[in-house]
Amino acid sequence: MVVTTRSPIRSSVGLKAVMAVTGIVLVLFLIAHMLGNLKIFTGQTSFDHYAHWLREIGAPLLPGVWFLWILRTVLLVAVLAHIGAATTLALRARAARPVRYAHRRPVQGSYAARTMRWGGVIIGLFVIYHLLDLTTGALNPVGDPSRPYANVVADFAPDRWYVTLFYTLAVVAVGFHLRHGAFSALRSLGQQTPRGERRARAVALVLAVALCAGYLAVPFAVLTGLVD
Ligand code: HEM
């Protein structure tokens with residue numbers, strides 16, 4: 001008899017824990033980033049000052065932009081582990097059913113649950129565009145990393161409505177993805193009862209709607225001239 005040993009983290013339960021832990025890291029980033037973006041309503045000086053402060057967190061203990069690079073590394077590792085665990089789990093689920101159903105069963109689960117994979121791909125493409133737009137400035141009409149307020153205002157100007165549209169689609173994709181992810185994680189952690197499940201569903205929905213509203217407030221404020 002051949003006995004194969006697999007490290008606990010590579011078991012399906014271990015991989016789901018990786019999804020949950022990395023998901024929590026990413027949600028914490030999303031909440032912090034949304035709160036930071038909302039500072040745009042406090043004016044140009046305050047917003048730019050906040051962005052410069054981000055580059056100095058940890059000083060004088062840590063030199064220069066170290067904290068930012070530590071944060072970036074943590075985010076990148078979390079994203080890669082999240083995608084890696086999701087892909088392994090999906091491939092395992094497929095391997096467990098090598099012959100597909102001859103007749104598709106009626107689609108089950110919420111819209112969010114069925115769009116996790118493509119939603120994840122859209123979010124990935126958005127993040128690449130977003131970094132080239134507002135971090136490096138390569139795709140931004142102003143494109144000056146030292147003037148984030150001016151970059152954001154130029155980005156969502158009314159004649160660039162298609163940029164706002166793309167951001168809106170991406171943020172809604174983040175909302176759906178988060179709603180299902182948070183629901184799954186909360187359901188696993190909380191009471192496995194219909195009441196516990198209802199509560200998990202409600203918390204996940206509130207979190208997703210609040211994040212979507214917070215993120216979309218910025219482009220729409222610029223588009224409508226509230227922020228200029
Ligand atoms: C409409 C909503 C958003 C606005 C207005 C916005 C704005 C910005 C700005 C201005 C920066 C540059 C900050 C700086 O360098 O000082 C930035 C960076 C970033 N944003 Fe967003 N963002 C939005 C949505 C998102 C979403 C939904 C995600 C993730 C799914 C995201 C992920 C990031 C990341 C990873 C960075 C780079 C952080 C770094 O390493 O410096 N953003 N965003």
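This is a short tour of the structure above, stop by stop, with something to select at each one. Keep in mind that you are looking at a predicted model.

**Start with the whole chain**

Colour by secondary structure before you zoom in. From the N terminus on, the order reads α-α-α-α-α-α-α-α. If you colour by accessibility instead, 29% of the 228 residues come out as buried. Take a look at the contacts too: among those between residues at least 6 apart in sequence, 65% link residues that are at least 24 apart.

**Select the iron**

Now go to the ligand and centre on its iron atom. Which protein atoms are its donors? Pick NE2 of His33 and NE2 of His130, which sit 1.9 to 2.0 Å from the iron. Show the donor atoms and the angles among them: there are 6 donors, the angles run from 87 to 179°, and the site is octahedral.

Trace the two histidines back to the cartoon. His33 belongs to helix 1 (residues 12–38) and His130 to helix 5 (residues 116–135), so this pair ties together parts of the chain 97 residues apart in sequence. Buried or partly exposed? His33 counts as partly exposed, at 26% relative accessibility. His130, with a relative accessible area of 18%, is buried, because the cut-off for buried is under 20%.

**Widen to the ligand shell**

The shell has 18 residues, and the closest are His33, Asn37, Arg55, Arg72 and His130. Click through the polar atoms:

- An N or O atom in the side chain of His33 is 2.9 Å from a nitrogen atom of the ligand.
- Arg55 places a polar side-chain atom 2.9 Å from a ligand oxygen atom.
- Arg72 has a polar side-chain atom 2.6 Å from an oxygen atom of the ligand.

Colour the shell by element, and you'll see that helix 1, helix 5 and helix 8 each give two or more residues to it. Which element has the largest share? That is helix 5, with 6 residues.

**Follow helix 1**

Select its buried residues: Gly14, Leu15, Val18, Thr22, Gly23, Val27, Leu30, Met34, Gly36 and Asn37. While you look at how they are spaced, remember that an α-helix has 3.6 residues a turn, so residues three or four places apart point the same way. Bring the rest of the chain back to see what covers these buried residues; the cover includes helix 2 (44–54), helix 3 (66–95), helix 7 (161–189) and helix 8 (194–223).

Stop at Thr22, which is part of helix 1. Thr22 is buried, at a relative accessible area of 10%. Its side chain makes a polar contact of 2.9 Å with the side chain of His82. Leaving out residues up to four places away in sequence, Thr22 touches Ala78, Ala81 and His82.

Select Ala59 and Pro60 and check the peptide between them. The bond is cis, with omega about 5°. Most peptide bonds are trans. Pro60 is in the loop between helix 2 and helix 3.

**On to Asn140**

Next, pick Asn140, in the loop between helix 5 and helix 6 (148–155). Show its side chain and find two polar partners. A 3.0 Å polar contact joins it to the side chain of Asp133, and a polar atom of the Asn140 side chain lies 3.1 Å from the backbone oxygen of Asn151. Beyond its neighbours within four places in sequence, Asn140 contacts Asp133, Leu134, Asn151, Ala154 and Asp155.

**Finish on helix 8**

Last, select Leu205 in helix 8. Leu205 is partly exposed, with a relative accessible area of 43%.

How values were computed: Residues are numbered from 1 along each chain as its sequence is written. This is a predicted model: local features need pLDDT of at least 70, side-chain atom pairs count only at pLDDT 80 or more; totals for chains, interfaces and linings use all residues. Side-chain values use heavy atoms; hydrogens and water are left out. Donors are N, O and S atoms within 2.8 Å of the metal (3.2 Å for Na, K and Ca); water is not among the atoms, so sites may look incomplete. Four donors count as tetrahedral if all angles lie between 85 and 135 degrees; four count as square planar and six as octahedral if opposite donors are over 155 degrees apart and all others between 65 and 115; anything else is irregular. Helices (H or I, at least four residues) and strands (E, at least two) are DSSP runs, numbered from the N terminus. Buried means under 20% relative accessible area, exposed over 50%, partly exposed in between (1.4 Å probe, protein chains only). Contact means heavy atoms within 4.5 Å. A residue is near a molecule or strand if one of its heavy atoms lies within 4 Å of it. A polar contact is a pair of N or O atoms within 3.5 Å; within protein, one must be able to donate a hydrogen and the other to accept it, and residues adjacent in sequence count only if both atoms are side-chain atoms.
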